[in-house]
Amino acid sequence: MLQTLEAKTESDVRGLLTKAALSLQPQPTPIVVDAEVAALISDARQQLRIKPTDQSHASRAKVQSLLGELLSARLLPESERQAVRNRMGVKGVLPTSQYDIMRNPALLQRGNICRAKWSHILDAIQNADVVEHFRIVEGLGDAPMASLFMRRPPGHHDFWWLIHCQRVGAQLLPLHAWRLFDDTFSREEIETPRDAIISLANKFGVDLSVNGKTMKIAFREAVPNPVPGESVLLVDSPALKFQGSSTGEAEFIVGLSYQILDLAYTQYLDRHGITENW
Amino acid sequence: MTTMPGPFLFSAMPYMKFYIYRTYRNDIHYVWCSEVYDHSSTLVPRTSLPSPPSSDPADICRQVRHAIDRRDRHDHRLTGWKTILITRVAAWEADGSLDPADAQELVFMLNSDDFQIWRPLLYVIHRSAIDPGRIHSVPPAQRAGFGREFVIEDLAGSEFEPLEI
């Protein structure tokens with residue numbers, strides 16, 4: 001703690017740190033620094049062992065940096081970091097590097113279908129070219145949400161990885177890894193991962209019946225919930241479970257749902273030379 | 001000597017700053033800009049005066065790209081941008097114009113090890129579309145060099161093109 005900040009209220013400390021840091025930033029017009037701010041800057045310089053004669057850019061940057069760190073610690077104490085991280089994960093605004101990527105044995109067991117190594121999946125998520133996090137509705141707490149990642153693998157490849165993850169707080173659980181070859185999926189029709197998953201489902205997906213409508217893929221479908229608070233069967237496709245959450249008495253919101261026909265997809269991989277022993 | 005103003009203004013900014021102003025400041029941006037994109041190229045207005053690398057948009061973009069590629073946490077430009085944005089967040093939170101929860105999330109992002117949030121964007125501003133009264137000339141004493149510099153405090157998102165370079 002800098003001496004100048006001792007015995008001050010939290011709001012005074014923040015105010016003083018903010019004023020001092022602002023005073024060191026480039027300004028289009030000169031600003032007047034009051035005595036308290038000058039004392040704080042002098043205090044910071046002493047702590048950093050900067051000589052009084054040193055007025056260089058580098059020394060100014062060091063002071064600025066220290067003030068920024070002190071402000072950060074006030075705005076986001078260490079004890080609150082994890083909760084904030086989770087909250088950002090739920091919202092889908094967390095930088096990708098900040099998620100925990102969970103190994104999914106179920107996905108790896110389907111190796112003969114998806115034909116993706118764990119390292120491919122990790123690379124596609126961590127170095128994705130395009131990312132799309134779905135937020136179903138506000139107020140769902142930690143309900144699972146969907147996140148999609150698209151990655152053009154380095155080298156002379158003619159496909160994109162499309163990774164579909166389940167997102168819970170700050171955790172990502174990869175559910176599917178798809179290869180979208182250029183000769184089958186036109187880049188003109190695909191601008192976002194959402195377009196990519198729609199194209200994939202249209203090509204290889206089974207028909208879903210949702211709310212009396214037939215579709216290949218369901219996004220943010222709000223359907224009447226006949227029994228408030230209870231799950232309802234929305235889909236009559238076998239072996240398909242919807243991610244869904246009750247949002248009150250009136251409706252049931254489903255997340256991203258689709259089902260790809262294994263046979264059609266693996267035949268397509270075979271045609272592109274990605275055989276079972278790839 | 002009277003000089004004709006250049007048709008464009010250029011500003012180099014980190015993506016994170018663009019994101020914050022677009023999302024939390026009603027898409028109204030504060031920019032410090034120059035009439036010349038790259039003082040080291042031959043395509044500069046005849047009347048322009050040289051600027052040092054610290055205020056040359058092309059140089060800033062090059063330096064920042066280099067720092068990101070090397071994942072240099074101590075790069076002065078990146079640490080400077082980070083501190084400036086943390087300070088702004090603190091000031092907005094204090095004056096009530098930013099929700100405390102949003103402030104915490106921004107501080108988390110600014111302190112994360114994700115270098116991509118610092119990737120440089122080049123703002124290209126069509127000068128003729130901006131009321132000249134909003135373009136404030138920076139006094140010579142406050143500039144980094146001889147070249148003319150300007151500040152626009154209320155640049156709307158629709159008034160410039162943010163280019164990834």
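**Before you start.** Residues are numbered from 1 along each chain as its sequence is written, while chains are lettered from A in the order in which they are written. In this predicted model, local features need pLDDT of at least 70, whereas totals for chains, interfaces and linings use all residues.

**Exercise 1. Find out how far the predictor trusts chain B and the complex.**

Step 1: Recall that pLDDT is the predictor's confidence in each residue, from 0 to 100.
Step 2: Chain B has a mean pLDDT of 87, and 85% of its residues reach 70 or more.
Step 3: Within chain B, helix α4 (residues 100–110) has the highest confidence, at 96, and strand β4 (residues 136–137) the lowest, at a mean of 89.
Step 4: For the complex, the predictor gives an ipTM of 0.83 and a pTM of 0.79.

**Exercise 2. Describe how chain B is built.**

Step 1: Take helices as DSSP runs of H or I with at least four residues, and strands as runs of E with at least two, numbered from the N terminus.
Step 2: Chain B then has four helices and six strands.
Step 3: Along the sequence, their pattern is β-α-β-α-α-α-β-β-β-β.
Step 4: Of the 165 residues in chain B, 52% are buried (under 20% relative accessible area, with a 1.4 Å probe and protein chains only).

**Exercise 3. Describe the second largest cavity.**

Step 1: On a 1 Å grid over the protein atoms alone, a cavity is a set of points where a 1.4 Å probe fits but cannot get out; a pocket is an open set with protein on both sides within 12 Å along at least five of seven lines; lining residues have an atom within 4 Å of a point.
Step 2: A volume is the space filled by probe spheres set on the points, which are joined across faces, edges and corners.
Step 3: The second largest cavity has a volume of about 40 Å³.
Step 4: Its lining includes A:M150, A:W160 and A:D182.
Step 5: By class, the lining has six nonpolar, no polar and two charged residues (nonpolar: Ala, Val, Leu, Ile, Met, Phe, Trp, Tyr, Cys and Pro; charged: Asp, Glu, Lys and Arg; polar: the others, Gly among them).

**Exercise 4. Work out what surrounds the second largest pocket.**

Step 1: The second largest pocket has a volume of about 1,000 Å³.
Step 2: Its lining holds 30 residues, with A:L94, A:P95, A:T96, A:V131 and B:D114 nearest its centre.
Step 3: Elements that each supply at least two lining residues include α7 (118–126) of chain A and α1 (15–24) of chain B.
Step 4: The lining divides into 14 nonpolar, seven polar and nine charged residues.

Notes: Predicted model: local features only at pLDDT ≥ 70, side-chain atom pairs only at ≥ 80, totals over all residues. Heavy atoms only, no water. Buried < 20%, exposed > 50% of the residue type's maximum accessible area, 1.4 Å probe, protein only.
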